[in-house]
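The following exercises are to be worked with the sequence and the model at hand. Each task is followed by a solution in steps.

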Amino acid sequence: MKKLIDCFLPMTGKEELAKTLDSLKRQDLVSRIIVMQSTAEVVEGVDDVMEIDTLKSSDTMRKIAQMAEAPYTMLYMKEQYLEIGLYAFERMVQIAEVSGAGMLYADHYRIAEDGKRTEAPVIDYQQGSLRDDFDFGSVLLFKTADLKEAASRMQQNYQAAGFYDLRLKLSEKVQFVHINENLYSEVELDNRKTGEKLFDYVDPKNRHSQIEMEQACTEYLKDVGGYLEPTFPDVPLTEGEFEVEATIMIPVLNRIRTIKDAINSALSQQTNFKFNVFVVENGPDFHSTDGTTEAINEIKDDRLVHIIPTRRDIGVGGSWNMAMHHPKCGRFIVQLDSDDLYSGTDTLQKMVDAFYAQNCAMIIGSYRLTDINMNILPPGKIDHREWTPDNGRNNALRINGLGAPRAFFTPVVRDINMPNVNYGEDYALGLAISRHYQIGRIYDVVYDCRRWDDNSDGNLSIEKENRYNTYKDRIRTWELQARIAMNKNNRS
């Protein structure tokens, strides 16, 4: 049988490497096995050794492309034992040949230390899959000619963003194919819950890599025509008549444990303007069923506006739309989730002042992570400093969230609306606003984001996590298409 695949894998412990090599050598299609390591020492049982700095650097990607000789190149991205499935390489090559794909990746199994096996499905790649942490799994198969062509266009020397830069360049010219079949098994090393992984990309210790990722994404956006210059129109913040200057918006469904805390935090705000507080319920039963509705009704304050929809199809985004279009909604509408708190009594004043100081259609604050009892959780302060005035609107297509609390100029969001969904609704609105207007920032902590066992994104199943990520990638796809079209119209 013809040898079609050169395999590149990082150096691991001796036991893991021996098992992986044994698995690869039993594959009829494997031509060569190259081990990547930080030294040039000889490794027994392999065809070659490639000295690298870091696994995902630009230099490593270029070296792989240069050394690859077979028609296909397999890159393994983890350092533990890899077990290739029965005839898995044959299957991948078959699909590569019929689809013409430049890169293929597949569903797989994860095997825990206790031997328990679970399925690890991944999602389809689309135009908006610009997250640098997009999960392809650990086994990637490239058409070598496409790999070499993309690597030849890599001009930067990234330490952390080399692979990201490579796959963005690949995606400009070739198709990525997701094979919905479990074709290999890997040992899962990161056993943290989904919610504990959410903030890795804003951890200060990862700041340097985030700067590199932003540079690579910005270059890609320029290549495909989706980059937006940092020029913005003035926002007519003083136009229109409103009963109050600001509305605090709290969407809620079954939060009996925290809803009073949130409402009291909102009502305790000290401002030099009038404001009100909207609490809008949602869900298939019109309102909460755990006593939340009754708890809200116990609070007597003329500033509190309690809305219970008369239809069953209202999600979080629909709740926001009801509030934004309500005649009592203020000039600005400011987020407060039903299990979170403002960090002080001056948060609302700071948010509104920022609109006028920065002339923006949206303001994003900074927050700190705490548990339900307000004990600070790592990494603590989340200030999203990757959102800069010059490039925030472009980098927003790479990151998976925009920060909190979020506040909007009501006339602008009334023209756009939020998607009527329970996840990603604010991200979609923020992207649409940033297409046209500047989004301002407050880098001081003004919000406490409480993580606890009932958070909606605290411990997602892999199926729900995939569904959420697919939807956010779709949001990015639509937004990128809108920006490309807008740039074309502006040039014509």
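Strands (E, at least two residues) and helices (H or I, at least four) are DSSP runs, numbered from the N terminus. The model is predicted: local features need pLDDT of at least 70 and side-chain atom pairs count only at pLDDT 80 or more, while totals for chains, interfaces and linings use all residues. Residues are numbered from 1 along each chain as its sequence is written, and side-chain values use heavy atoms, with hydrogens and water left out.

**Exercise 1.** Determine where R32 is found and whether R32 counts as buried or exposed.

Solution. Step 1: R32 belongs to strand 2 (residues 30–37).
Step 2: Buried means under 20% relative accessible area and exposed over 50%, with partly exposed in between (1.4 Å probe, protein chains only). The relative accessibility of R32 is 15%, so R32 counts as buried.

**Exercise 2.** Identify what the side chain of R32 reaches.

Solution. Step 1: A polar contact is a pair of N or O atoms within 3.5 Å; within protein, one must be able to donate a hydrogen and the other to accept it, and residues adjacent in sequence count only if both atoms are side-chain atoms.
Step 2: The side chain of D6 makes such a contact with that of R32, at 3.1 Å.
Step 3: The backbone oxygen of M67 is reached by the R32 side chain at 2.6 Å.

**Exercise 3.** Describe how helix 5 and helix 7 pack.

Solution. Step 1: Helix 5 (residues 162–173) and helix 7 (residues 207–224) pack at about 15°, their axes 9 Å apart. Axes are lines fitted to C-alpha atoms, for helices over the stretch in contact, and angles run from 0 to 180 degrees between N-to-C directions.
Step 2: Angles under 35 degrees count as roughly parallel, over 145 as roughly antiparallel, 65 to 115 as roughly perpendicular and the rest as oblique. Helix 5 and helix 7 are therefore roughly parallel.
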